[in-house]
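Today I'm opening a new model and jotting down what I look up.

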Amino acid sequence: MLDITQLKPLIDRISLSMPFEEFLSVVEKNYPSIGSIIECAPILQGYESANFVLTTNRGKFVLKVFETDRDSQNIQDLVKVQIEAQKVGVPVLKFVEGLNGELSQIQQDTQIVWYFLTHQFIGSSFEDHYPNLDQMKIVAGYIAKLNTLNFSISESYDSWGNKNLVKEFDENIAVIPADVKKKIEHIVEKIRHAQLNELPKAVVHGDMQRKHVLKDTQDNLCVIDFGCMSYTARIIDLSTFIAWFCLCEQNYVQWGDILSRVVDVYEDLHKLTIEEKELLFLFVRASYAAYFLKTSLLIQGGDQSEETKIWNAQASKMLDLTESFI
């Protein structure tokens, strides 16, 4: 018997018209190699889609179910990007092959619910134990490899992303708290005049933060959650990675060495242009500004979740510490 109460916060995101137990039976039929589902547990991190850990008589798997208003081409491209990423040497979750390939769907009335299964990577993220310099360099190499992919994809708009900071600021200008506006408006204005579209483009992960890289007991790494992927300026990936994977208050005294080493690794594959070098650290700060703006608006709107409070505090602190960057 499933504890639906525990799963309800995620089920509510995906607008299933059938009972969730019935949906899991459909999943079993479409992915016969996984065996019989014994248990389903929620993965509560994040704000979009719905992710569950399935325990079966043949192992553990991750079920990802997409919200019904997500663009179908974006979902198909998400699968494509992860398959291509693995080919160029980026360790990602491995898809389970179903009766219809990697990606499956359920038609309900006028809506389609898309979902897929991956093998679970047994490991923990870097949220609670910060990566060391060697691990940062390894992941920088993965980002560089991912950024060798060069094809257009349909993206899902990321209101948390640094490349959308100006749009989010302008659209919410009337309700942004005065102290938040004062803290980030100079960054917004600099980003507004940056010629992002003229920079070298690539497929980017878009959200390379510490919780999106897992490490197992053998020190193997796995990059997860490509939900913010896009085809855009490649420094979006490098700047987001520096901001949310590499730098933190605890390693403040090492920042100079960290920045030099990870950029050197990235440049082994992609030499940064003069324009990219000039804008890189602006977009690092824009990563913090975007999170500070988004979480401040959520809190103002009544969101009192611990996750939102933590992101808000971290973004504010990192804005203060990186003030000398630009």
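Predicted model: local features only at pLDDT ≥ 70, side-chain atom pairs only at ≥ 80, totals over all residues.

I looked up helix α1 (residues 4–14), and it lies across β1, β2, β3 (59–65) and β5 (111–119). Its direction is at about 75° to β1. Then I checked helix α2 (residues 20–30), which lies across β1, β2, β3, β4 and β5 and runs at about 60° to β5.

**The sheet itself.** In what order do the five strands sit? I read off β1-β2-β3-β5-β4, an open sheet with antiparallel pairing. At the edges I find β1 (37–43) and β4 (103–108), each pairing on one side only. From one strand to the next, the twist averages 25°.

I zoomed in on β1 and β2 (residues 50–56): six bridges join them, in the antiparallel sense. One pair I wrote down is Ala 41 with its bridge partner in β2, Val 53.

**Largest pocket.** I get about 1200 Å³ of space here. The lining has 47 residues, and Gln 45, Asn 51, His 212, Ile 224 and Asp 225 lie nearest the centre. Sorted by class, I have 20 nonpolar, 16 polar and 11 charged. Among the elements that each supply at least two lining residues are β1, β2, β3 and β5 from my sheet notes.

**Second largest pocket.** Its volume is about 230 Å³. Which element gives the largest share of the lining? I found α10, with four residues. Gln 45 turns up in this lining, and I count five charged, three polar and three nonpolar residues.

Terms used: Residues numbered from 1 in each chain as written. Heavy atoms only, no water. Pairing = 2+ DSSP bridges. Axes fitted to C-alpha atoms, helices over the stretch in contact; angles between N-to-C directions. Contact = heavy atoms within 4.5 Å. 1 Å grid on protein atoms, 1.4 Å probe; cavity = no way out; pocket = protein on both sides within 12 Å on 5 of 7 lines; lining within 4 Å. Points joined across faces, edges and corners; volume = space filled by probe spheres on them. Nonpolar A, V, L, I, M, F, W, Y, C, P; charged D, E, K, R; others polar.
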